[in-house]
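Trainee: Can we go through this one together? I'd like to ask things as they come to me.

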Amino acid sequence: MSVILRELNEDHKFLLFLSALRQYSSTKIAAIRGQSDRNIRKVRNTMLKKIRKKLLAALTEKVQAQQPLTLLEKEFLSENGVDIEKTTKK
């Protein structure tokens, strides 16, 4: 996960910091950045999609390498349509 976060561009890192760690609303972030609330929500959703996509790929590799998964990782894979049983049999 740390590698995925390091690969984010600086704008996305700042947005993630404000929304996840500081728990600022999109309206407050928009005011700080001089952008619209709608734009902040769109950028945040795009950023989260990229993170999920990279996380899905990393966890799929972990399954194929037959490394242990946490319950949350298993749940994430299941929610994203990855059948752990079929993937490990390859």
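Trainee: Where is D83 placed?

Mentor: D83 has its place in the loop between α5 and α6 (84-88). Helices here are DSSP runs of H or I with at least four residues, strands are E runs of at least two, and both are numbered from the N terminus.

Trainee: Is D83 buried, exposed or partly exposed?

Mentor: D83 counts as partly exposed because its relative accessibility is 36%. Buried means under 20% relative accessible area, exposed means over 50%, and partly exposed is in between, with a 1.4 Å probe and protein chains only.

Trainee: What separates the C-alpha atoms of D83 and M47?

Mentor: They are separated by 25 Å, and D83 and M47 are 36 residues apart along the chain. Before we go on, the ground rules: this is a predicted model, where local features need pLDDT of at least 70 and side-chain atom pairs count only at pLDDT 80 or more, while totals for chains, interfaces and linings use all residues. Residues are numbered from 1 along each chain as its sequence is written, and side-chain values use heavy atoms, with hydrogens and water left out.

Trainee: Okay, new topic. How many residues does α2 have?

Mentor: α2 has twelve residues, and from its first C-alpha to its last it reaches 16 Å, close to the 16 Å expected at 1.5 Å a residue. The expected span is 1.5 Å times one less than the number of residues in the helix.

Trainee: What caps its N-terminal end?

Mentor: N9 does, with a side-chain oxygen 3.1 Å from the backbone nitrogen of D11.

Trainee: And which residues of α2 are buried?

Mentor: They are H12, L15, L16, L18 and S19, and they pack against α1 (2-6), α3 and α4. H12 counts as buried because its relative accessibility is 10%.

Trainee: What is H12 in contact with?

Mentor: If you leave aside neighbours within four places in sequence, H12 is in contact with V43, M47 and K50. Contact means heavy atoms within 4.5 Å.

Trainee: Which residues make up the largest nonpolar core?

Mentor: There are ten: I4, L8, L15, L16, L18, I29, A30, I40, M47 and I51. The elements that give two or more residues to this core are α2, α3 and α4. Apart from it lies another core of six residues, including V63, F76, L77 and V82. A nonpolar core is a set of buried Ala, Val, Leu, Ile, Met, Phe, Trp, Tyr and Cys residues joined through side-chain atoms within 4.5 Å.

Trainee: Back to Q23. What is its phi?

Mentor: Phi of Q23 is near 55°, a positive value in a residue other than glycine. Most residues other than glycine have a negative phi. Q23 lies in the loop between α2 (10-21) and α3 (26-33), and it counts as exposed because its relative accessibility is 65%.

Trainee: What about Q66, what is its phi?

Mentor: Phi of Q66 is near 55° and positive, in a residue other than glycine. You'll find Q66 in the loop between α4 (37-64) and α5 (71-79). At 57% relative accessibility, Q66 counts as exposed.

Trainee: Last one: what does the side chain of E73 join up with?

Mentor: A polar contact of 3.3 Å joins it to the side chain of K62. A polar contact is a pair of N or O atoms within 3.5 Å; within protein, one must be able to donate a hydrogen and the other to accept it, and residues adjacent in sequence count only if both atoms are side-chain atoms. E73 itself lies in helix α5.
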